[in-house]
Structure formats: structure tokens, C-alpha cells
Amino acid sequence: MLTKKQKTFNWILAVVLLLLSVFFLFPVIWMLANSFKPDAAITADMNSVSAFTPPAPGKGFFDNYKEILFNTRFLRFMANTLFYAAIMIVAGVIVNGLAGYALAKIKFPFRDRWLAIIMMLMIIPTETIITINFMFVSKMGLLNTVFGYVLPMIVNPFNIFLFRQVFVSLPDDVWEAAQLDHCNPVKYFFTMVLPMSKTVVATVSVFTFLNVWNDYLWPSLVFTSSDLLTAQIGLKAPSVATSTIFIKHHLPQVDTLQKYKKWGTNEIYVTNSFENFENTENYGIIVTSFDVLEKREYPTETKILGNSILYSQL
């Protein structure tokens, strides 16, 4: 039974912790409030309390959300990320779980040494082996494929070690009882071991999802098609992208290109692999290049600049 003094202390502690939690939520509050504002309003409110309050509801209140949902491929990128995460979670739990179970319950030569090697692999950063993974995937012809993205990422030394530590504590009596019912090792693993280890399965699933969600370097190397991009890469496309520029004298109607603007007697068209040029008037191109290149004669549909020019938002 708590005394009155202890109850008072608990209430004060709860209030202090609540205030601290609100303080740490400030970045999230700022993000949500400014998601309804245009860029100019965000900059104007930066040094005031208004930075943490959304604008008054009215016309254009949801313009930013409409822009990202309907004028970009945000939903496609999100669906790709969730799809890859689902594959990685299922495959990771099975592969790493089986490896962890073998290290915990199956006696085989050099088992402890294999465990030591796996633990040492945990200190090697992914960036040091990403080149090897890329060369491996490239040699197999799996670039720009889902399988090529997923294959090198399934096995995770930390997840194997985590599974192993949990499986060591499982009683051997359960396996002996399962053998009396003619249960084979594979069936025992999926019907008994994994259900008894829900906590580690959930932990590995969360870690795997976070790894897929935060991963930028590996998918940027494997994927070149905009249909396969993850959210981390796809969301970068509206602000920075690679473009191809064409000069048109008497260019016939081309549906795959979008007219950027008229430049003298020529019409400039812009396209890129991300296909995010619905609002090209918001972006600036290096105009000085056109001043030089326009003085020459070009055949119909001549590529002037290759995939190396970046455009940036004005």
C-alpha cells in the first residue's frame, strides 16, 4: 500500500516525465505543422512560435499532400519498400532462425568456432562489403531486380546470434517429446520453436524493417528503374535528379518528353528516369549551356547533354 507521500511523488514524477516527452516531441510537432505550409511560410515562421502551429484551414491547406500523393510516385515507392521489407522479414526469420537453431541445439564439428566467426562478422560495417555484394549481383545478372536487392541482405550475423541466444534457453524435453510423436526437425522448428520464440521473431522483424526503410546506399546501386525504387531514394527525386536535354527545331510530337519552355526559336524538352516532371516550371536548368549550344546546327532530336546534368529547385 502506497503512502500519501509516495502517491504525491509518483504524480509529480508523472507530470515531469510528461513535460519531458512533449519537449522531445517538438521535432515531430514541427514537422507535422510545417507539412501544411508552403516553403515561404516555413522560412518566415522559422524564428517564431508559429513554426510549431499549422496554418489556418482554408484553400490550399492540403496542397502539399495532394502534390506528393497525386503528382509524384510516392505511393509506388512506399509500396515497393513495404514489399521488400515483407520479403526480407519472412526470409530473414527463416534463414537466420535456422542458423541460430543449428548453433544452439545441433552438435556439429567446429560449432563454437563458427559462432565466434559470426560474432566477429558483426563488427564489420556493411559499407566495407557492399562493393563485393554489388560485383556478385552484377556477375549473376541480377541488377535492377528484386531478387538481386534482397539476396545479399537476408543473412544477418546479429540476427543469427540473437536467435541462437534465445534458442539455447529452450528445454530439450520439448524436442524429445516431439520425437515421440514422429515430428521431424523441420516441422519441429516451424511448429514448436518459432511459436515459443515470438519475442525474438518480433524483434528481428522490427530490426529488419528498419534496415530496409533506412537503407539508401544498397538500393541506389542495385536499382536503376523508377518502378523499383524504395521510398528513401524515390523521395529524393523531386529535389535532385538526373536529366537529359533535347533541342528541337522541327521535332515531331514526342509523348515521352515534356516541354520545359521556349528558348528563342527552339523548344527545350526535359525527361528523366524518375518521371517526376509534372511541375517542371518549379525547376531551373543550366541556361548558359543553351547559350553556347544553340549557336550550332543540330539534326532532329539530337541529344545535347547526357545523364550528368543536375537540376535544382529554385
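Is asparagine 144 buried, partly exposed or exposed? Asparagine 144 is partly exposed, with a relative accessible area of 27%; buried means under 20%, exposed over 50% and partly exposed in between, with a 1.4 Å probe and protein chains only. The model is predicted: local features need pLDDT of at least 70, side-chain atom pairs count only at pLDDT 80 or more, and totals for chains, interfaces and linings use all residues. Residues are numbered from 1 along each chain as its sequence is written, and side-chain values use heavy atoms, with hydrogens and water left out.

**Overall make-up**

The chain has 15 helices and five strands. Helices (H or I, at least four residues) and strands (E, at least two) are DSSP runs, numbered from the N terminus. Of its 314 residues, 33% count as buried. Among contacts in the chain with a separation of 6 or more, 68% join residues 24 or more positions apart, where contact means heavy atoms within 4.5 Å.

**Nonpolar cores**

A nonpolar core is a set of buried Ala, Val, Leu, Ile, Met, Phe, Trp, Tyr and Cys residues joined through side-chain atoms within 4.5 Å. The largest one has 20 residues, and Tyr84, Tyr149, Val212, Trp218 and Phe223 have the most contacts inside it. Two or more residues each come from α5, α7 (130–139), α8 (146–150), α13 (217–222) and α14 (231–234). Helix α5 gives the largest share of this core, six residues. Apart from it lies another core, of 15 residues, including Val93, Leu170, Cys183 and Phe189.

Leaving aside neighbours within four places in sequence, phenylalanine 223 is in contact with Tyr84, Asn144, Thr145, Val146, Tyr149, Leu228 and Leu229.

**Helix packing**

Two packed helices are described by the angle between their axes and the distance between the axes. Axes are lines fitted to C-alpha atoms, for helices over the stretch in contact, and angles run from 0 to 180 degrees between N-to-C directions.

| Helix pair | Crossing angle | Axis distance |
|---|---|---|
| α5 (residues 74–105) and α6 (residues 111–121) | roughly 135° | within 9 Å |
| α10 (residues 172–180) and α11 (residues 185–193) | about 125° | 11 Å |

The angle makes α5 oblique to α6, and α10 and α11 are likewise oblique to each other. Angles under 35 degrees count as roughly parallel, over 145 as roughly antiparallel, 65 to 115 as roughly perpendicular and the rest as oblique.

The crossing of α5 and α6 is left-handed, whereas that of α10 and α11 is right-handed. A crossing is left-handed if the near helix is turned anticlockwise from the far one by less than a right angle, and right-handed if clockwise.

Ala, Val, Leu, Ile, Met, Phe, Trp, Tyr, Cys and Pro count as nonpolar, Asp, Glu, Lys and Arg as charged, and the others, Gly among them, as polar. In the second pair, Val174, Trp175 and Ala178 of α10 meet Pro185, Tyr188 and Met192 of α11. These residues divide into six nonpolar, no polar and no charged.

**Positive phi**

Most residues other than glycine have a negative phi. Asparagine 144, in the loop between α7 and α8, has a positive phi of about 65°. Histidine 182 lies in the loop between α10 and α11, and its phi is near 60°, also positive. Histidine 182 counts as exposed, at 76% relative accessibility.
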